[in-house]
Amino acid sequence: MLPAVDWSRPWYDAVRAAAGAVDPRDVIGTFSARAAALELVNHAGLPIRFVPQAALPEGTAYEEHIGATGCVPTRDNMHDFFNGLVWLSFPLIKRELNALQAAQIARDGIRGERGPARDAATLFDENAALLVVPDTAPGHALADALRNHHWREAFVARAGAFGSEAQVWLFGHALMEKLVAPYKAITAHTLVVAAPASWFALPRNAQQAWLDAHLAERLRTTGLCKADFTPLPVLGIPGWWGGQDDAFYDDTTVFRAKRSAPTLEKP
């Protein structure tokens with residue numbers, strides 16, 4: 001039995017529609033039926049299907065199996081439940097992430113370390129949030145404030161931008177799992193997306209489709225590295241949590257100053 005989820009929380013906006021269509025008596029069957037209805041395929045053109053974890057052959061990497069067969073091994077737990085919801089909500093991004101991971105496994109094999117491309121893809125897959133800002137000077141200023149850990153500028157001085165001129169969409173399924181029982185220190189690896197002003201006037205489903213296609217193309221053409229991410233304490237987003245007063249943002253264990261780059265001493 002999966003724990004109860006408060007689907008009214010803003011951090012579940014991106015997967016709420018997919019979750020509402022799931023039959024809790026047959027999660028894997030529902031996921032596969034929805035994937036077939038949406039005609040989801042992997043990077044090799046194979047139909048995406050959800051299968052029990054036992055279908056993953058021993059010694060085969062999870063990402064390799066999806067890339068080779070289109071089958072997504074799925075356990076009966078909250079982590080894999082959210083993974084399935086993200087596949088149904090952002091299928092093009094998921095496809096490109098799997099393509100990056102499968103390509104590195106094919107080239108390097110399974111090693112103790114994932115390697116830079118696979119490591120960045122895993123961070124995205126597990127813990128990413130998407131910060132969408134308008135491609136304007138104020139939008140870039142908000143993104144820069146977050147990149148530089150100027151938390152009060154981003155979350156207090158620019159609080160009015162969130163929801164109308166800036167939006168946060170969660171993608172990482174492990175991040176969503178952690179937020180079932182939220183705590184203040186939860187922090188996302190965030191990608192900034194500069195969108196045209198017209199995007200903010202689109203209906204929600206059209207915004208999501210644009211994000212899915214835009215970021216899939218970005219992954220396909222430019223790849224991904226860990227330096228692309230900036231940290232974002234999720235419960236600091238204006239309106240996402242109660243008690244966001246001065247004391248809340250004064251907590252330097254969560255809202256940390258940006259580390260200075262190390263300097264080299266002259267010989």
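A search of the whole structure finds 24 aromatic pairs. Here, rings of Phe, Tyr and Trp (its six-membered ring) pair if their centres lie within 6.5 Å; planes under 30 degrees apart count as stacked, over 60 as edge-to-face and the rest as tilted. The model is predicted: local features need pLDDT of at least 70, side-chain atom pairs count only at pLDDT 80 or more, and totals for chains, interfaces and linings use all residues. Residues are numbered from 1 along each chain as its sequence is written, and side-chain values use heavy atoms, leaving out hydrogens and water.

Two of the pairs are set out below.

| Pair | Centre to centre | Angle between planes | Class |
|---|---|---|---|
| Trp11 and Trp241 | 6.4 Å | 40° | tilted |
| Trp151 and Phe155 | 5.9 Å | 15° | stacked |

Trp11 sits in the segment before α1 (16–20), and Trp241 in the loop between β6 (230–233) and α11 (246–249), so this pair ties together parts that are 230 residues apart in sequence. Helices (H or I, at least four residues) and strands (E, at least two) are DSSP runs, numbered from the N terminus. Trp11 is buried at 1% relative accessible area. Trp241 is partly exposed at 30%. Buried means under 20% relative accessible area, exposed over 50%, partly exposed in between (1.4 Å probe, protein chains only).

Trp151 and Phe155 are four residues apart in helix α8 (residues 151–157), separated by about one helical turn. Trp151 is buried at 7%, and Phe155 is buried at 2%.

Ring pairs also build a cluster, with Trp7, Phe50 and Trp240 among its members.

The protein has eleven helices and six strands. Buried residues make up 46% of its 267 residues.
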